[in-house]
Amino acid sequence: MAWSESKAWMRGTVNQKLYQALLDDAETAPARNAKRKKIVHPEEMPWEMARQGLLKHLVNEAMNTRMETVDAYMQIIPPGSRSGKHRHLAEECLYVVEGQGYDLHQDCDVEITDTYHWTPQQEVKRYEWEAGDVIFVPPNTIHQHFNASTDKPVRLISAINRIYKYCGLNDLEQIEDAPEYDAQVVLSAELVEKYLKRRVKEPA
């Protein structure tokens, strides 16, 4: 045989119908998708007491919707409180539904080789926002949201793309937990109402 690598490429006895699996998946996708939600009602949106804060998930990979690439949640920040502080490789946008406050952003220098390395820059930038604004969080930026009011809540809608996860770059790190976070608490609408009725004492 003329091919010099014949002793290598002819080795192996493993047999698996991987291409056929792709065909089968494509053929069954329409019927499978027909059972997935195109409309998600409020009572179907899960609450979560998360390290990032009080969340109500609008669409998520785990919610069996037709949304293939985007996750979105509503975040509620009680008066005078703040979100958790985290960093992720994917960019994010947040629409301010109600309230006013500010973000703290810290850019990071990134190197991706066989492993992933990031180093925070020294400068921390502050951005003011209010209802109707859109907050853009660049890729790999350490960020945190603050409610500037002591008597009114903030509500944010966050949207982030799952494509980084599909590319093996689902880099997400929680740096600081939201003040309300309690792993033992199961969040509900009633509990959110209690958090929103709290008043933060003014500094002396």
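Reply: Ala, Val, Leu, Ile, Met, Phe, Trp, Tyr, Cys and Pro count here as nonpolar, Asp, Glu, Lys and Arg as charged, and the others, including Gly, as polar. This is a predicted model, in which local features need pLDDT of at least 70 and side-chain atom pairs count only at pLDDT 80 or more, while totals for chains, interfaces and linings use all residues. Residues are numbered from 1 along each chain as its sequence is written, and side-chain values use heavy atoms, with hydrogens and water left out.

In the lining of the largest pocket there are eleven nonpolar, nine polar and eight charged residues. A pocket is an open set of points on a 1 Å grid over the protein atoms alone, where a 1.4 Å probe fits and protein lies on both sides within 12 Å along at least five of seven lines; lining residues have an atom within 4 Å of a point. The space in the largest pocket comes to about 620 Å³, a volume being what is filled by probe spheres set on points joined across faces, edges and corners. Of its 28 lining residues, the closest to the centre are Asp 71, Tyr 73, Ile 160, Asn 170 and Leu 172. At least two lining residues come from each of S1, S2, S3, strand S4 (85–88), S12, H3 and strand S13 (172–176), where helices (H or I, at least four residues) and strands (E, at least two) are DSSP runs numbered from the N terminus.

Asp 71 also takes part in a salt bridge, with Arg 162, and their closest N and O atoms are 2.7 Å apart. This pair joins distant parts of the chain, since Asp 71 sits in strand S3 and Arg 162 in the loop between strand S12 (154–161) and helix H3 (163–166), 91 residues apart. A salt bridge is a side-chain nitrogen of Lys or Arg within 4 Å of a carboxyl oxygen of Asp or Glu. Arg 162, at 4% relative accessibility, is buried, and so is Asp 71, at 18%; buried means under 20% relative accessible area, exposed over 50%, and partly exposed in between (1.4 Å probe, protein chains only).

The structure holds eleven salt bridges. One of them brings Glu 128 and Arg 126 together at 2.7 Å, N to O; here Glu 128 is exposed, at 54%, whereas Arg 126 is partly exposed, at 49%. Elsewhere, a network of salt bridges links Arg 87, Asp 171 and Glu 173.
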